[in-house]
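Keep the coordinates open and follow along.

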Amino acid sequence: PPSIIRALSQYGPTFPFDIPKRQCGICLEEFIYDDIFVFGCDESHKICYACFADACGAKMRAREILTCAECPYRLTYGELKQLRLSEEEKQEYRDYQVQKTFEIY
């Protein structure tokens, strides 16, 4: 550890490595990989968590089934659990998706 601290101290406030980033498919901003959600669709669309929540909210207000923001892939319970919202809001989206799924079938 001391050798790592000495090596990093020479860089000051500048971290010596580039942190990999990815562009959101919706807002086109760049985010570190931890802040990008990857959908389970065949194309594995990638968007930031803010756009993910916004897309779900817009579809819910339009009374549509919740899908990938870029294709008709229907979101799963597990994907909706990953929204970065309060637990109550996530539960509201999950309940809505279950209701819409039953309406379709």
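**From fold to cysteines**

The protein chain has 4 helices and 4 strands. This is a predicted model. Read from the N terminus, the order of elements is α-β-β-β-β-α-α-α. The chain has 105 residues, and 30% of them count as buried. Take the contacts with a separation of 6 or more: residues 24 or more positions apart supply 40% of them. The accessible surface is about 7,200 Å², with 54% of that belonging to carbon and sulfur atoms.

Go next to helix H2, residues 49–61. This helix has 13 residues and reaches 18 Å from its first C-alpha to its last. That is close to the 18 Å expected at 1.5 Å a residue. The buried residues of H2 are Tyr49, Cys51, Phe52, Ala53, Ala55, Cys56, Gly57, Lys59 and Met60.

Now look at the nonpolar interior. In soluble globular proteins, nonpolar side chains tend to be buried together. Here the largest nonpolar core holds 21 residues. Phe39, Phe52, Cys56 and Leu66 touch the most other members. S3, S4, H2 and H4 are the elements that each give two or more residues to this core. H2 provides the largest share, 6 residues.

Set aside its neighbours within four places in sequence. Phe52 is then in contact with Phe37, Phe39, Ile47, Leu75, Glu79 and Leu83.

The loop between H2 and H3 comes next. Ala69 lies in this loop. Is Ala69 buried or partly exposed? It counts as partly exposed, because its relative accessibility is 27% and the buried class stops under 20%. Ala69 and Phe52 are 17 residues apart in sequence, yet their C-alpha atoms are 7.0 Å apart in space. Beyond its neighbours within four places in sequence, Ala69 is in contact with Ile26, Phe39, Ile47 and Ala55. Phe39 and Ile47 are also listed among the contacts of Phe52.

Thr67 sits in the loop between H2 and H3 as well. Its relative accessibility is 9%, so Thr67 counts as buried. The side chains of Thr67 and Lys59 are joined by a polar contact of 3.2 Å. Lys59 is itself one of the buried residues of H2. Leaving out residues up to four places away in sequence, Thr67 touches Lys59, Pro72, Tyr73, Arg74 and Leu75.

Finish with the cysteines. How many disulfides does a search of the whole structure find? The search finds 0. A disulfide is a covalent bond between the sulfur atoms of two cysteines. The cut-off for the sulfur pair is 2.5 Å. Cys24 counts as buried, at 1% relative accessibility. Cys51 is in no disulfide either; the sulfur of Cys48 is the nearest, 3.5 Å away. Cys51 is buried too, with a relative accessible area of 11%.

Definitions and conventions
Residues are numbered from 1 along each chain as its sequence is written. This is a predicted model: local features need pLDDT of at least 70, side-chain atom pairs count only at pLDDT 80 or more; totals for chains, interfaces and linings use all residues. Side-chain values use heavy atoms; hydrogens and water are left out. Buried means under 20% relative accessible area, exposed over 50%, partly exposed in between (1.4 Å probe, protein chains only). The expected span of a helix is 1.5 Å times one less than its number of residues. A nonpolar core is a set of buried Ala, Val, Leu, Ile, Met, Phe, Trp, Tyr and Cys residues joined through side-chain atoms within 4.5 Å. Contact means heavy atoms within 4.5 Å. A polar contact is a pair of N or O atoms within 3.5 Å; within protein, one must be able to donate a hydrogen and the other to accept it, and residues adjacent in sequence count only if both atoms are side-chain atoms. Accessible areas come from the Shrake-Rupley method with a 1.4 Å probe; for residues, only the protein chains shown count as cover.
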